[in-house]
Amino acid sequence: MHVRALSVSGCHEFTPRVFPDHRGLFVAPFQESVLTETLGHPLHLAQTNHSRSRRGTIRGLHFADTPPGQAKYVYCSSGSMIDIVVDVRVGSPTFGRWDSVRLDTVDYRAIYVAEGIAHGFVALEDDTAMTYLCSTGYNPGGEHGITPFDESLDLPWPTAFEHVLSEKDRNAPSLAEAEKAGILPKYEDCLAHYEALRTAAG
């Protein structure tokens, strides 16, 4: 499995080997040993999520209060998408920076999204499915979002088709508004949390 660090610190792209044959193919998008070696700690699996989206659907940008936050390991199990991570950790040297990766059923790339990072994606075709491995369960009181159309971020959403969003995502605040409201994670708190995870792993 090939590992590449993204420009947003704490996020990585994982590209597994794909084994096709006359029956179809076999691939292992998640490999704990590789992830643990990369992060210095394993992913505590508390919940798995599955979403299916029509072409043009944007889900995000979502993040959680940290600690405990919610780390995610995500991959596309059907269709194709553009996956985006945004650093919303106040005080981070990469605050406001984003990176994007195409996830599909050709290369089966996966993305690790650290706690404190905002995450979202757009489906490029109908019946696009996303599989999420999450470090914590759903906590509605600690879940937040910023608008995917924040002009200061200028994210690379395709314009060739209509965008489909939930009302919650469409009406989410900008990054600046979220910072002013005090709902963004603090970089120092996130670093302390990451270190605690590595320490606990021995």
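How many aromatic pairs does a search of the whole structure find? The search finds two, where a pair means Phe, Tyr or Trp rings (for Trp, the six-membered ring) with centres within 6.5 Å. Ring pairs join Phe-14, Phe-30 and Tyr-73 into a cluster. The model is predicted, so local features need pLDDT of at least 70 and side-chain atom pairs count only at pLDDT 80 or more, while totals for chains, interfaces and linings use all residues. Residues are numbered from 1 along each chain as its sequence is written, and side-chain values use heavy atoms, without hydrogens and water.

**Phe-14 and Tyr-73**
- The ring centres of Phe-14 and Tyr-73 are 5.5 Å apart and the planes stand at 45°, so this pair is tilted (stacked is under 30 degrees, edge-to-face over 60, tilted the rest).
- Phe-14 is in strand S2 (residues 12–15) and Tyr-73 in strand S7 (residues 72–78), 59 residues apart; strands are DSSP runs of E of at least two residues, helices runs of H or I of at least four, numbered from the N terminus.

**Phe-30 and Tyr-73**
- The planes of Phe-30 and Tyr-73 are at 75° with ring centres 4.9 Å apart, so the pair is edge-to-face.
- Phe-30 sits in the loop between strand S4 (24–27) and helix H1 (32–39), so its pairing with Tyr-73 in strand S7 ties together parts 43 residues apart in sequence.

**Accessibility**
- Phe-14 is buried, at 1% relative accessible area (buried is under 20%, exposed over 50%, partly exposed in between; 1.4 Å probe, protein chains only).
- Tyr-73 is buried, at 1% relative accessibility.
- Phe-30 is partly exposed, at 29%.
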